[in-house]
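Dear colleague,

A short account of the findings follows it.

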Amino acid sequence: MYFLAAEGGEAAHNPIIPAWEEIVVGGIAFIVLCFVLMKFVFPRMEQTFQARVDAIEGGIKRAEAAQAEANQLLEQYRAQLAEARTDAAKIRDDARADAEGIRQDILAKAREESDRIIAAGKEQLAAERATIVRELRTEVGTIAVDLASKIVGESLADEARRKGTVDRFLSGLESTGAR
Amino acid sequence: MFGQANVLAAGQAEFPPSVEDFYLPSILPWGAHDNYWFTKITFMVWLAVGVLILFFLLSYRNPKLVPTKKQWFAESVYGFVRNNIAVDMIGHAGVRFAPYFTTLFCFILLTNAFAIIPFFQISPNSHIAFPAFLAVISYVMFNWIGIRHHGFVKYFKNSLIPPAPWYILPLLIPIEFFSTFLVRPFSLAVRLFANMFAGHMLLLVFTLGGFAMLSANAWLAPVSVLSWVMTIALTFLEFLVICLQAYVFTVLTASYVQGALAEEH
């Protein structure tokens, strides 16, 4: 009221009454602004925000997948390693068993061979002894007969008698040796 | 302001300032009074619209996932209104109103800012036509949203009948009707208009007061200087008011929309 009174005179303005021309101009300007910003700018911002969220979430998902794959590989390697260890232990055991077997075989063969050699030696010795005994017997007989005929003379010239005497003597010798 | 400068240059500064200082002569036709189609005020409105459109279109011409500085700035303006006003007030459903709220916020903020930008130094919002138009949009918007969300009858039942004992309803319903459907658009418009009007008036009083005292008596020069220092201080205050009023208008609109969407009263 004070303003109106102070002004007086020509067309006084009342600040609380809008000028309709300004409403029209302001309205058009604001609607143009709304149209452009709400149609071309802010929806694209929402899209960008969404794309950003997707990118971050996708990154997290990819990292999780990689982590899972790495874990799976680790498990696999561990399993393979454990398997390899078992295999190695088995191979070592087998080798040990094989070596033992081979040693036993070799020992057995060696023992057998030595037994055989010993037996062959004994056999040969026995055979030689028998030969020697046989030769000695003939020789001893001849020598004894020669000696006896030298001592006794002609009386022992008879074949049959000579034979019996020598055998009797030798048997006596043997029994004396056995005793 | 041009008129003001002429007046000051001619050494005939009027004091005290009056309402007529808000109604500058028109630009086209030059110097005409009571012709509002193309004045400094409407020019500033168009300028604000042009600047905002250019800024947002240029900074969002080629959006990237990793934003440039300009894109980041545009996004943070939108993000501020979207997250701190729309989503905070309305909840997740508020996202679809965020584009309008951001446009509203930017428009009010920039047109308010003309109040303290040198050579403009008056806000279009100190003419009630512009706040009134914005308030009418907010009014139509929240009613339309409420009716579409609840249906006509349920919306008015929700808004008018508070959960109260029956015998107090005859008192409450008229109050609710008055506050929701009559006062809201008016208070929205007047709050913004009056703040910008008073801000401009204050700056005028202290600026012109300095000149008035100086021309009245040379001995009053120190007081004139004090008056102009006050002008500078009040300009900072005005800056606060500019931001606050833009925020308040947007928040209130969001709150009305939230009220219209709410299930219970």
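**Helix 3 of chain B**

Helix 3 of chain B has a kink of about 30 degrees centred on Arg82(B), the bend being the angle between axes fitted to the seven residues ending at a residue and the seven starting there. Helices are DSSP runs of H or I with at least four residues, numbered from the N terminus.

The model is predicted: local features need pLDDT of at least 70, side-chain atom pairs count only at pLDDT 80 or more, and totals for chains, interfaces and linings use all residues. Residues are numbered from 1 along each chain as its sequence is written, while chains are lettered from A and ligands numbered from 1 in the order in which they are written.

The buried residues of this helix (20 or more other C-beta atoms within 10 Å of their own, C-beta atoms being placed from the backbone) include Tyr78(B), Arg82(B) and Ile85(B). Its buried residues pack against helix 2 (20-152) of chain A, as well as helix 2, helix 4 (98-113) and helix 8 (221-261) of chain B. Just after helix 3 of chain B, Gly91(B) takes a positive phi of about 90 degrees.

**Contacts between the chains**

In total, 32 residues of chain A are in contact with 36 residues of chain B; contact requires C-beta atoms, placed from the backbone, within 7 Å. Helix 2 of chain A supplies the largest share of chain A's side, 23 residues.

**A loop residue**

Pro29(B) lies in the loop between helix 1 (2-9) and helix 2 (40-59) of chain B. The C-alpha atoms of Pro29(B) and Pro131(B), 102 residues apart along the chain, are separated by 25 Å.

With kind regards

Note on methods. Helices (H or I, at least four residues) and strands (E, at least two) are DSSP runs, numbered from the N terminus. A residue is buried if 20 or more other C-beta atoms lie within 10 Å of its own, exposed if 12 or fewer, and partly exposed in between; C-beta atoms are placed from the backbone. Two residues are in contact if their C-beta atoms, placed from the backbone, lie within 7 Å.
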